[in-house]
Amino acid sequence: MKTYMPIYIVAVVLVSQCLNSYWDPGLEPIGYGCDQPAVRGVALSFDDSINLGDWNDTRDFFLEHNITATFFIDRWGQHSEEQINIIHELNEDGHEIGFHSKSHKKFSDYILGNETAESYYEDQILQGYALMNEAGYNGTSFAYPHGSRNAEIDALILQNFSVLRGTRGNINGVQPWLTPCEDGSVFRALSLDVLNSHPDLIFDVLPVHDKNQQTLLLYGHGIGSHSDDLDLKELKRIVDVMDKHNIPWLSISELGEA
Ligand SMILES: [Zn+2]
């Protein structure tokens, strides 16, 4: 029996290496191990209620260029009349209204404070989602505040939402921001801030070829002239490439649809 132990250990190491490769989206070849291939398109989203004024100012630009986006909104039950109207008009324009937690608490802060995934789910998700429902919205997509997540909280929130969006960090158990696959319904997204630091990155990966079945997930916050805002001229450059190559805009809830 003893002579077989090293073989057993080698087998365990090999299997664990295979599993590591499988779960690292960056190493996963297109179509390999994927039950639900992605569709070609760009899923654009914007986060945080504080930016509702900026988004309202950009409504005409979105309409003029046939852009559909997903707006992830936090602090339901605390919006002003004006903000309530803006959310309504964005939805009327054809945009998706997604959920972004009750009060924008970061999941990792709960865990560092000796709370649990269950307490985050009860407080930030269920309570906030009830307020969203009371306001008349039944969102099916959720974006993590600060992108902070793990597989345990994913599993809890997927009981109520069909798609979860993170940010660029934390690759474990999640599809990448340029994804050939929708399995698992949890996705990273690339910040539009990259237009300031690596402006060519987005243009290098836009799925310009008809047969390129990949979804690019992009997200931003404010839009306008403040230093952290998305510059509309930059968004227009992306729009021009998308129009030229007929790349569709996707709402976040379309990801993960069978
Ligand atoms: Zn946020």
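In this predicted model, the buried residues of helix H6 pack against strand E3, helix H5 (107-112) and helix H7 (151-157). Who does the packing? The buried set in H6 consists of Tyr 120, Tyr 121, Gln 124, Ile 125, Gly 128, Tyr 129 and Met 132. As for its geometry, H6 covers residues 117-134, 18 residues in total. From first C-alpha to last, the helix reaches 24 Å, close to the 26 Å expected at 1.5 Å a residue. Just past the end of H6 sits Gly 136, with a positive phi of about 100°.

Ile 86, Ile 87 and Leu 90 are the buried residues here. Looking down the axis of H4, those buried positions fall within an arc of 100°, so they line one face of the helix. Glu 81 and Glu 92, by contrast, are exposed on the other side of H4.

What do the buried residues of H4 pack against? Their partners are helix H2 (52-57), helix H3 (59-64), strand E2 (70-73) and strand E3 (96-99). Just after H4 comes Gly 94, which takes a positive phi of about 105°.

Asn 66 has a positive phi of about 50° although it is not a glycine. Is Asn 66 buried or exposed? With 12 other C-beta atoms within 10 Å, Asn 66 is exposed, given that the exposed class takes in residues with 12 or fewer such neighbours.

Asn 246 is the other case to look at, again a residue other than glycine with a positive phi, this one near 55°. The loop that holds Asn 246 lies between helix H10 (232-244) and strand E10 (249-250). Asn 246 counts as exposed too, having 9 C-beta neighbours inside 10 Å.

Technical notes. Residues numbered from 1 in each chain as written. Predicted model: local features only at pLDDT ≥ 70, side-chain atom pairs only at ≥ 80, totals over all residues. Buried ≥ 20, exposed ≤ 12 C-beta atoms within 10 Å, placed from the backbone. Helix = DSSP H or I, 4+ residues; strand = E, 2+ residues; numbered from the N terminus. Arc of directions from axis to C-beta. Contact = placed C-beta atoms within 7 Å. Expected span 1.5 Å × (residues − 1).
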